Amino acid sequence: MQNIGVVFGQRSQLWWDIGVIESFQPLKKVYRVSDKEYRLRLDELVERSASRRAAGTDRSAS
């Protein structure tokens, strides 16, 4: 158990039985986010997370 991640958010927006990315998909439809905008924001989130881990500032790695 080297890597443990934590995602914070509104309780109504996260479900324990599905993955984080999968929990964003229904919200994409609810808020009518375009496919292009959704992919852009998701890529940004993944990139930010990866760069934090590489810099050693990811709190979930400790």
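This is a predicted model: local features need pLDDT of at least 70, side-chain atom pairs count only at pLDDT 80 or more; totals for chains, interfaces and linings use all residues.
## The chain as a whole

The secondary structure comes to two helices and zero strands. Helix 1 covers residues 20-30 and helix 2 covers residues 35-55. The chain has 62 residues, and 11% of them count as buried.

The accessible surface of the chain comes to about 5800 Å². Carbon and sulfur atoms account for 54% of that area.

## Helix 1 and its buried face

Which residues of helix 1 are buried? They are Ser23, Leu27 and Lys28. Seen down the axis of helix 1, these buried residues fall within an arc of 150°, so they line one face of the helix. The cover over them includes helix 2.

Lysine 28 deserves a visit of its own. This residue sits in helix 1, and its relative accessibility is 16%. Buried means under 20%, so lysine 28 counts as buried. What does lysine 28 contact, leaving aside its neighbours within four places in sequence? Its partners are Val33, Ser34, Asp35 and Tyr38. Of these, Val33 belongs to the loop between the two helices.

## The loop between the helices

After helix 1 comes arginine 32, with a positive phi near 55°. Most residues other than glycine have a negative phi. Arginine 32 is a residue other than glycine, yet its phi is positive. You will find arginine 32 in the loop between helix 1 and helix 2. Is arginine 32 buried or exposed? Its relative accessible area is 76%, and exposed means over 50%, so arginine 32 is exposed.

Valine 33 is found in this loop too, between helix 1 (20-30) and helix 2 (35-55). With a relative accessibility of 31%, valine 33 counts as partly exposed. Together with Val30 and Tyr31, Val33 forms a nonpolar patch on the surface. The accessible area of the three residues together is about 300 Å².

## Helix 2 from end to end

Helix 2 has 21 residues, and at 1.5 Å a residue they should span 30 Å. The C-alpha atoms at its ends are 30 Å apart, which agrees with that expectation.

What follows helix 2? The next stop is glycine 56, whose phi is positive, near 80°. Helix 1, for its part, is followed by arginine 32, where phi is also positive.

How many salt bridges does the model have? The count comes to five. An α-helix has 3.6 residues a turn, so residues three or four places apart point the same way.

One of the salt bridges joins the side chains of aspartate 43 and arginine 39, with a distance of 3.0 Å from N to O. These two residues are four apart in helix 2, so about one helical turn separates them. Aspartate 43 is partly exposed at 39% relative accessibility, and arginine 39 is partly exposed at 46%.

Glutamate 44 takes part in a salt bridge with arginine 41, where the closest N and O atoms are 3.5 Å apart. Arginine 41 and glutamate 44 are three residues apart in helix 2, so they are separated by about one helical turn. Arginine 41 has a relative accessible area of 46%, which makes it partly exposed. Glutamate 44 is partly exposed as well, at 34%.

Glutamate 44 also forms a salt bridge with arginine 48, and here the closest N and O atoms are 3.4 Å apart. The two are four residues apart in helix 2, again about one helical turn. Arginine 48 counts as partly exposed, with 47% relative accessibility.

Note on methods. Residues are numbered from 1 along each chain as its sequence is written. Side-chain values use heavy atoms; hydrogens and water are left out. Patches are made of residues with over 30% relative accessible area and no salt bridge: like charges are joined within 9 Å, nonpolar side chains (Val, Leu, Ile, Met, Phe, Trp, Tyr) within 5 Å. Accessible areas come from the Shrake-Rupley method with a 1.4 Å probe; for residues, only the protein chains shown count as cover. A salt bridge is a side-chain nitrogen of Lys or Arg within 4 Å of a carboxyl oxygen of Asp or Glu. Buried means under 20% relative accessible area, exposed over 50%, partly exposed in between (1.4 Å probe, protein chains only). The expected span of a helix is 1.5 Å times one less than its number of residues. Contact means heavy atoms within 4.5 Å. The arc is that of the directions from the helix axis to the C-beta atoms.
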